[in-house]
Amino acid sequence: LVRVVSRCDPADIARVAAVSLLFHASLVEEGIRLWAQERGFELPAQPEGESCAVRWLCYSALLREANPPARAAAGKWHSVFIDGEGRLSSCGSAATEGE
């Protein structure tokens, strides 16, 4: 069931979880975490003041989906990215002599 849940959009998961007794909180939590993992990112930990893990995970997943990583700069040998959480990452290599 977790794999089935992970195939759904976070907004749909949140809607169904809000009205269905069939969706246990742990099933929804695992499904959303798997959804994120399959897309190559990890959702942030639940803040201390947040009482509903499902609501927090759905919000975090929707926020991440709405703010995908973006390319900030590129050159012949490098690229710089800013992800949805505002972290700066780079990849590439230094140019060699004569190039």
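Colleague: What should I know about the model before we start?

Modeller: It's a predicted model, where local features need pLDDT of at least 70 and side-chain atom pairs count only at pLDDT 80 or more, while totals for chains, interfaces and linings use all residues. Residues are numbered from 1 along each chain as its sequence is written, and side-chain values use heavy atoms, with hydrogens and water left out.

Colleague: Okay, which elements does the protein have, and in what order?

Modeller: There are four helices and three strands, and from the N terminus they run α-α-α-α-β-β-β. Helices (H or I, at least four residues) and strands (E, at least two) are DSSP runs, numbered from the N terminus.

Colleague: What makes Arg3 and Glu38 a salt bridge?

Modeller: A salt bridge needs a side-chain nitrogen of Lys or Arg within 4 Å of a carboxyl oxygen of Asp or Glu. The N to O distance for Arg3 and Glu38 is 2.7 Å, so the pair passes the cut-off. Arg3 lies in helix α1 (residues 2-6) and Glu38 in helix α3 (residues 25-38), so the bridge ties together parts that are 35 residues apart in sequence.

Colleague: And how do you know that Arg39 and Glu38 count too?

Modeller: Their closest N and O atoms are 3.8 Å apart, and the limit is 4 Å, so they count. Arg55 and Glu50 also form a salt bridge, at 2.6 Å. By this rule the count comes to four salt bridges.

Colleague: Which residues make up the salt-bridge network?

Modeller: Arg3, Arg7, Glu38 and Arg39 are linked in it.

Colleague: Why are Arg3 and Glu38 called partly exposed?

Modeller: Buried means under 20% relative accessible area, exposed means over 50%, and partly exposed is in between (1.4 Å probe, protein chains only). Arg3 has 48% and Glu38 has 31%, so both land in the middle class. Arg39, at 42%, is partly exposed as well.

Colleague: How much of the protein is buried?

Modeller: Buried residues make up 25% of the 99 residues.

Colleague: Why does the structure hold zero disulfides?

Modeller: A disulfide is a pair of cysteine sulfur atoms within 2.5 Å. The sulfur of Cys58 is 8.1 Å from the closest cysteine sulfur, in Cys52, and that's too far for a bond. The total is zero disulfides.

Colleague: Is Cys58 buried or exposed?

Modeller: Cys58 is buried, with a relative accessible area of 4%. Cys91, on the other hand, is partly exposed at 44%.

Colleague: What makes you say α2 has a buried side?

Modeller: The buried residues of helix α2 (residues 10-19) are Pro10, Ala11 and Ile13. They cover an arc of only 160 degrees around the axis, which puts them on the same side of α2. That arc is taken from the directions from the helix axis to the C-beta atoms. The face turned away from that side carries the exposed residues Arg15 and Val19.

Colleague: What covers those buried residues of α2?

Modeller: The cover includes α1, α3 and α4 (53-66).

Colleague: And what caps the N-terminal end of α2?

Modeller: Asp9 does, with a side-chain oxygen 3.0 Å from the backbone nitrogen of Ala11.

Colleague: How do you know that β2 and β3 pair?

Modeller: Two strands pair if DSSP finds at least two bridges between them. Five bridges join β2 to β3, which run antiparallel. Ile82, for instance, has Leu88 in β3 as its bridge partner.

Colleague: Why is β3 called hardly covered?

Modeller: The count of buried residues among its five residues is zero. Ser89, which sits in strand β3, has 38% relative accessibility and counts as partly exposed.

Colleague: What does Ser89 touch?

Modeller: Contact means heavy atoms within 4.5 Å. Not counting residues up to four places away in sequence, Ser89 touches Ser79, Val80 and Phe81. The C-alpha atoms of Ser89 and Ser79 are separated by 8.5 Å.

Colleague: Where is Arg87, and which residues does it contact?

Modeller: Arg87 is in the loop between β2 (78-82) and β3 (88-92). Leaving aside neighbours within four places in sequence, Arg87 is in contact with Phe81 and Ile82. At 46%, Arg87 is partly exposed.

Key: Polar contact = N/O pair within 3.5 Å; in protein donor to acceptor, adjacent residues only side chain to side chain.
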